Amino acid sequence: MSRKVTLPLFQPSDKVPLPPANAEVLTTCCDYCIVACGYKVYRWPAEGPHGGMKKHENALNRDYNLHALQGNWVGPNQFTQAIHKGKLHNIAIVADADSEVVNVGGDYSIRGGCIAQKVYNKDKPTKDRLKQPLLRINGELTPVSWELALDAAAEVSKHVIKKYGESAWAMKYYSYQFFENTYALTRLALKSINTPAVSQHDHPSIVDATPGWTDIGYDAFSGSYEDFANADCIVISGSDPYETKTVLWNEWIMRKGILANKAKLVMINPRKTMGVAIAEKHGGLHLDVNPGSDTPVHMAIQRIILENGWEDKAFIEQWVNNFWETDSGFGQGTRNTPWQWRTTWGHFQVKGFDDWKEWLLSQEESKPNVAAKIAGIDPAKLYQAAEMMGKPKANGERKKTTIAIEKGCYWSNNYLNTVSIGTLGVILGCGGRSGRIITRLGGHQRGGRSGGKYPTWKSPYKVGGRRRHRMDLDRWVQDGHVRFAYVVGTTWVQAMCGSTELADVFRKSTRGNPHQIRSADRAHVIQTLKKRVDSGGMVIANQDIYLIDPIGAEFADIILPAATWGESSFTRCNGERRIRLYSKFYDPPGDAKPDWKIVSMLAKKMGFQGYDWEEPNDVFEESCRFSRGSRTDYNVLRTIAKRKGMKAHDLLRDYGTEGLQCPLLLDGEKILETKRLHDWQRDDLPDTGPEGVSVQGKNLMAFKTQTGKLNLLKSPWAIWSDFYDYMTPKGDELWVTNGRINEIWQSGFDDVERRPYIQQRWPENFLEIHEDDARKRGIESGDMVRIESKRVPVQKDFNLGVKSDDMFFSGLMKRGHIKIVSGSFEAVAIVTPVVKKGVVFTNFLDKGQPANSITPRVPDPMSMNYRFKLSSGTITKIGESPYKNDFSRMSFKRRNIV
């Protein structure tokens, strides 16, 4: 699966046509990171006429003596051609220079600025889009009709469900790819089939990414981007927003926060990136912690704040539960929920603030010297961080502190990290006020809408008492229980931990099975696939825009071509819950169809009712009522649209790139937006009661608990320490962690594989290694290295939790539930001081050389989240790359440039 350079060197164009004054103008948003910058799409016939250089001669209404940084610049990467209504059209996709929200003034990242190159064009690198269904016949993927492909998928699905039960039918899908698609997919899997064998693209189960916050009472996306601009101190853990959410950094954190408001940043991660360098230049602080050591760092900072009396006493008095409030809240309702078994067993629950304070001060790991030793940092930094976050100003005013986290924080020690940084937020008074929020920064945009409830009671994964975890789908596959897998828009194998072992399981159950299709005869195809599942094998239907290796190219029997961004109208929210319409502006390639449409066709062939959608608006309007009460409640749109005699999509289109901030409320004929959640100072709620077209949920003006107040929780290091001790580097090993970089989005399917400049910049996976570690191993920049671990732990089965330590790593090891496997990947070394000594850093999802080959497939026992950011291994030079002495590709420059 090695990724090699295939595109020619980047040859930039020196001119593009401008859209004429009468060009069609549509609105959309960037398809990549969670910020979702607003864009305008200009469309006009390929033959012209084209626009002129004077503002009255072009649709952008600009005189073109502009340069690239002035806004409304149309460069080669913002221009392409595509088919619209069967005819070739010019397409210019430009950040909205008139925007007053999100990407103010038309700012954009390198990803969004190149998004026109995502558009299918038969003469460009996107020419390999999937255009028609494929069936694997004699080992080769062969074009077939939609009728045959869906007949095979439907008949085998029905056979599997009838003979082996719904748990043998699995779906692995994206959690984010527009409300219309995720609603349709989950309606099929969770409502119609009612299978528990469902998981999303980045988890082994359907899980909560920030369970500690859920138990405390914080919503994970409670804030507004302007809160970063209004903060005095911004704490960023597990991410550099410059690299991953560039416009949020540029516009709201750096320009409005650091430069205009003189905010100070505390950044917690093992690398000194560009964002860290800028923060330090302006008086900020970098806590360069060892991977996975965040919890004692959080605890030590809290200890210093408490010992100095810097906690927000008024906030705690008003908004923190006492013992009786906590106990009554945790004791309500069914016991079969993910959060109640965690909080009622005594490991985490406290009797209010005083009890929590007494517990924290009694913990060895909360002592600054102890925490600093675990994290590998100078203890003085902990005192400095506590002062920056909590010490009142000279005039006695409290600082406005905002906390933002992302995957480097919660994908190492998930539950304890989210609890400990959450309680830090509580004592600092974070939540519900301008400049004082606690939020995820986010990865993908928020396009998930469930069309059914998850059947937790069907999961075989029992934990202590009468409770269950949701199903770990990777383990369910490994144990041979999945007979049909519907895989939609995700790089399943490389995106999961222990990916080498997982690939072997897929290979054995699909291509290694003797029952393989030999002809396109319908009866033969269906009978052969039924024989395979009856022999213990698995059939895979893979639905995507490109042929993905290996899940599609090697393992799948049925390939279904999907339409994507720009090829159907869709809706989705960004990281401040802002919903907008992503307009269709060109025809899908070949016979590709949007995912919601494919689900409709498949569901009807399986005999299910209620899938008679004709257009995306039909799906959206059906999904509206399922949004009620959620952080992205948009049900009002359907109500207002019906009153006006229009479609909900068309109503949302009228709001352009600004959109509306959810949850949306109805006040007569007016739509009320929500700037931030937990805002107890809000005074504009309509006097219509809590229920109606819109739901006035508790999270609007309070927190997400029984009482509306926050729960303080313990974060005992001992629950994590056995696993952390095992993963700590031994002998010549180093910590191996991973993450995103600015130029590459996700697995690189749009950029490193299909954009010549980006592929030229990053032709192979890379490994940042500290100068001292490189010198010891004889490694120089440009060398090829192998990163290897011979002790990758894989949780291999579904044990029944009875005793208190059954679910913890040492208990799993003792009872034989852990298998130790090997894994490795290769990369080009970049020797640099930006990464911490003893730690190496690589791309989090290079499909050819995946870092997940050596990440542990043992989920957090509290939450079922994987620990993607935590692995260790040996680093060995295996030769020189072709880029070491050829500077036409790849750069070895350090990334902490100010």
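In the predicted model, N61 is placed in the loop that runs between β2 and β3. Although N61 is not a glycine, its phi is positive, at about 55°. With a relative accessible area of 43%, N61 is partly exposed, because this value falls between the 20% and 50% limits that separate buried from exposed residues. The loop between β2 (38–45) and β3 (79–84) also holds P49, and the peptide bond that joins G48 and P49 is cis, with an omega of about 5°.

A positive phi is likewise found at Q746, a residue other than glycine, where the angle is near 55°. Q746 belongs to the loop between β25 (734–739) and α27 (756–761). The relative accessible area of Q746 is 9%, and the residue is therefore counted as buried, the cut-off for that class being under 20%. A cis peptide bond also leads from C662 to P663, with omega near -5°; P663 is located in the loop that connects β22 (660–661) with β23 (665–667).

These local features belong to a protein with 29 helices and 30 strands. The domain assignment divides out domain 1 (24–119), domain 2 (222–440), domain 3 (624–701) and domain 4 (718–880). When the centres are taken over C-alpha atoms, domain 1 and domain 3 are separated by 30 Å.

As to overall dimensions, the C-alpha trace spans about 70 × 70 × 70 Å along the principal axes of the protein. Of the 898 residues, 66% count as buried. Among the contacts between residues at least 6 apart in sequence, 76% join residues that are at least 24 apart.

The accessible surface of the protein amounts to about 30,500 Å², and carbon and sulfur atoms contribute 49% of that area. With regard to charge, the protein carries 123 positive and 104 negative charges, and the mean positions of these two sets lie 2 Å apart.

Methods
Residues are numbered from 1 along each chain as its sequence is written. This is a predicted model: local features need pLDDT of at least 70, side-chain atom pairs count only at pLDDT 80 or more; totals for chains, interfaces and linings use all residues. Side-chain values use heavy atoms; hydrogens and water are left out. Helices (H or I, at least four residues) and strands (E, at least two) are DSSP runs, numbered from the N terminus. Buried means under 20% relative accessible area, exposed over 50%, partly exposed in between (1.4 Å probe, protein chains only). Contact means heavy atoms within 4.5 Å. Accessible areas come from the Shrake-Rupley method with a 1.4 Å probe; for residues, only the protein chains shown count as cover. Lys and Arg count as positive and Asp and Glu as negative; His and the chain ends are not counted. The place of a charge is taken as NZ of Lys, CZ of Arg, CG of Asp or CD of Glu. Domain bounds come from an automatic or database domain assignment.
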